[in-house]
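This briefing covers a chain interface, a helix pair and some backbone details. Please look over the sequence and structure first.

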2 protein chains.
Amino acid sequence: MDNNLKRYFAYRNRLDTYLYAMRVITIEGETIAPKKAYQERGEALSVLNNEYLALSLSDEFNDIIKNLEKNYDKYDEKIKRLIKLERKKYDLEKKVPINLQNKYVNLVNETQHFWHTAKEKDDYSIFEPYFDKLINKTLEIATYYGKTNGSYYNTFLDMYEEGITTEILDSFFNNLKENLVPLIKRISESNITIRDDFLNRKVSKKKQMKVADYILKTIGFDLSRGLLQESMHPFTDQLSKNDVRVTTHIYEDNFISNIYSCAHEGGHGIYEQNLNSKLPSIVKDACSMSIHESQSRLYENIIARSYEFTKLTYPKIQKLVKPVLDDVSLDEYYKAINKVSPSLIRTEADEVTYCLHVLIRYEIEKMIFNREITAKDIPSIWNQKYQEYLGVTVTSDKVGVLQDSHWAGGAFGYFFSYALGNAYSGQIAHYLTQEINFENLNNNTLKSIKKWLIKNIYQYGSLYPSKELIKNINNEEFNSKYYIDYLINKYKKIYNL
Amino acid sequence: MDNNLKRYFAYRNRLDTYLYAMRVITIEGETIAPKKAYQERGEALSVLNNEYLALSLSDEFNDIIKNLEKNYDKYDEKIKRLIKLERKKYDLEKKVPINLQNKYVNLVNETQHFWHTAKEKDDYSIFEPYFDKLINKTLEIATYYGKTNGSYYNTFLDMYEEGITTEILDSFFNNLKENLVPLIKRISESNITIRDDFLNRKVSKKKQMKVADYILKTIGFDLSRGLLQESMHPFTDQLSKNDVRVTTHIYEDNFISNIYSCAHEGGHGIYEQNLNSKLPSIVKDACSMSIHESQSRLYENIIARSYEFTKLTYPKIQKLVKPVLDDVSLDEYYKAINKVSPSLIRTEADEVTYCLHVLIRYEIEKMIFNREITAKDIPSIWNQKYQEYLGVTVTSDKVGVLQDSHWAGGAFGYFFSYALGNAYSGQIAHYLTQEINFENLNNNTLKSIKKWLIKNIYQYGSLYPSKELIKNINNEEFNSKYYIDYLINKYKKIYNL
């Protein structure tokens, strides 16, 4: 290894350590730390973030990247990718004055805090002034970042998915809408009634934690290199390949929430645990948020909500939640967990209506970046779109515009990843099932699935952009038809269409 | 606030944030983090420690302290104390080349790791080479620190207790020995037999965790500003006044270990939760390790092992561990938890023999710093002293020289704090019981005790050295006779002497 690379790795190691420390502190805050300490915790995170920003945007680091660039041609593909990723990130962040970045971080902390309160009290007016400031600050930062392919919004989208634009997404969402809206209509008109009253029977926390453990182990999350914890909202975060945290939230009157949260976060976790640690530095990180979501949605829906997986796990689940499912047949349970019903909450939506929730957020973000609307307009637009696309009436902002934490956390341009992730998962599953037979799915099948995913996805980290990663699997471009076909085939059977 | 102070506080805040991050990472590692991630964790800690050292020993920080020193006379007592403490610490640490300090930190990590293995395998030879290196490195660092009152060892002692010397400690330990050895002899010759077989009855972890919770709440540890966790060895660590962590370890066949661990760590925790946060920066920190130990030992022994506290809590404990203590009277239980019996393990020792365990470690440390012995000699000296002072035969190094983690962690010069802390607790309890009647001790009494401690000890943080802090309570110098009298009076009654 030459001296330029050595210098780079040593410096990157320092940067990563700051990220590591901030992650540990954040995870602790979201899981076990006393609530009363949130302020000190916020201040500590703010100081660490300042130190991190100063280091990551230093002239020294620029110099380190420059030295690598000078010798670009002599490096292999992996180091070339590393140089490109570092340069892109450095240049983008460098455009925004550090002072403004620090202010932004503090504003995000504040906005998140008031979002919590507003959601708890079901009062958007508590959140609105901070949300308004945050939108303005975000648009200010956007002017520093500059436009990509003609728009500021594209710059934000590109941060989560290299190369994605509103042009691509508009066409993607249109395609989904064209196919899913009729499907939803046919389902709503079908005369099949699915019984699901038993899903609200009470199951104790203790029993549910055992179910959580069982689901994670079954899908292949390695609990000796990770941890299952509890938090208000489920999440996954990785400290290292050997320390991946997944969380769940227990609702005693909704035990399947925990089951599919665990399958979802477990999917994220399996991806993180199986990245190729031999790839250099940031190249070994996950490819993109959409690819990440493709893994969580693959495990949550295509695998864990399949008839075959349900058949495998149902006897054990019945036993663990005894006697709650004693009078429920496998078939009844399978249909209940796949019942389609337009609803208010994204994270609880069924597979068929899910992407429409995402579409609504995407359309609102576009309007924000086009400066067509401000914070005060958002609730009514939100409610109107829910009525229009899903036919549901938003009864209060708590279950409407305040439901997700993303905007309060400053994650504008993130939401589409959920829909694109779904579509990726459909295409990935298409190839996967050509090689691995899901019929009579058992623990060995699940091991083979993981192996296949390691071979086709995980081992590449972020060596390629998502688009290429998908294409490399079978030399075929991304195509949302696989996902749509999957949905149509599955729900045709369930609803006898 | 003048600009020099502002600059100081901003800089100190940065330093404290590094300490905060390292503490969170360490606590997580000792409690819930996956064991397989210990290496990344160690590396992250090492990087953070390097960053911290570079900042804390920078010329900039020296300059900041110098500016405060220039205006020393115009500041109040609290800032004056702050300046003195910062200067002392800076100058001491600055004497050791950073390079050597970094090497030392890595060596400590390594030594701790091999200590764990050596203890687990009961094989001192695994530990010896690292311990030997660590001793040599410590002695090398000592030559940079220089001597205090004629010896290197005094310099190390002074780090944990301002102004303490081997001269003072020799006389202190002699006094203890002269009084306790005859007491132990009389107890061993007494014809009182104390029944304690029931202490080894099995109590489940679940039940014991409820007992832990009850004990912490009863003594006054605020669980909304702290957390009880489990770890291999119990400890207390503070992230802030609002986030104090105490841990316990559950042995199903030794349930009182958990009870008195909680009272001990809870005592540390109550001190940390009630420090005066209005004191400036480091002046609000705990006074010294001996004062810290005085609080843990006060709560563990003088309070929680008293007849009055036992009477108050026994019915609830009986209920929580039901049916294990159903056939045990209050009097039998009280005597069992205070049974005197020379033994091998310091942390499990009774109050009367405890200080002799500490004396042995103190004497060995003196020999190490006098270069009279090296790592290879220590087990045999250890065993010989246990035979001589406590009359017990060390059956293996696991329960001998390998029992404590302190030396592996580089904490030479710390052990005496346990004995001095006991003696402080005796004197503090003497004044405390003059104002607060322990008879018919109830929850209000416990609240009054905490108030008294806040008023006389906690509110001063480290504004005064321990010696002064103790003297200020009642205008009387520290005197170990109070502790000795306490022991003699208590055990005379129990053993009918």
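Buried area is the accessible area (1.4 Å probe) that two parts lose on being put together, summed over both. By that definition, chain A and chain B bury about 2700 Å² between them. Carbon and sulfur atoms carry 58% of it. The model is predicted: local features need pLDDT of at least 70, side-chain atom pairs count only at pLDDT 80 or more, and totals for chains, interfaces and linings use all residues. Residues are numbered from 1 along each chain as its sequence is written, chains are lettered from A and ligands numbered from 1 in the order in which they are written, and side-chain values use heavy atoms, with hydrogens and water left out.

**Interface of chain A and chain B**

- In chain A, A:Y20, A:P34 and A:K36 lose the most area to chain B, together 18% of what that side buries.
- Contact (heavy atoms within 4.5 Å) links 32 residues of chain A with 32 residues of chain B.
- The rule finds six salt bridges across the interface, each a side-chain nitrogen of Lys or Arg within 4 Å of a carboxyl oxygen of Asp or Glu.
- A:D243 and B:R41 meet through their side chains in a salt bridge, at 2.9 Å from N to O.
- Elements giving two or more residues to the chain A side are α1 (3-31), α2 (38-56), β1 (226-230), β2 (236-240) and β3 (243-248) of chain A.
- Helices (H or I, at least four residues) and strands (E, at least two) are DSSP runs, numbered from the N terminus.
- α1(A) gives the most, with nine residues.
- By class, the chain A side has 15 nonpolar, seven polar and 10 charged residues.
- Ala, Val, Leu, Ile, Met, Phe, Trp, Tyr, Cys and Pro count as nonpolar, Asp, Glu, Lys and Arg as charged, and the others, Gly among them, as polar.

**Helix pair in chain B**

- Helices α14 (residues 351-369) and α15 (residues 378-390) of chain B pack at about 145°, with axes 10 Å apart.
- Axes are lines fitted to C-alpha atoms, for helices over the stretch in contact, and angles run from 0 to 180 degrees between N-to-C directions.
- Residues of α14(B) including B:L356, B:I360 and B:I364 meet residues of α15(B), among them B:I381, B:W382 and B:Y389.
- This contact has 12 nonpolar, two polar and three charged residues.

**Backbone details**

- The peptide bond from A:K322 to A:P323 is cis, with omega near 5°.
- A:P323 is in the loop between α12 (307-320) and α13 (330-336) of chain A.
- In chain B, the bond from B:K322 to B:P323 is cis, with omega near 5°.
- A:D122, a residue other than glycine, has a positive phi near 50°.
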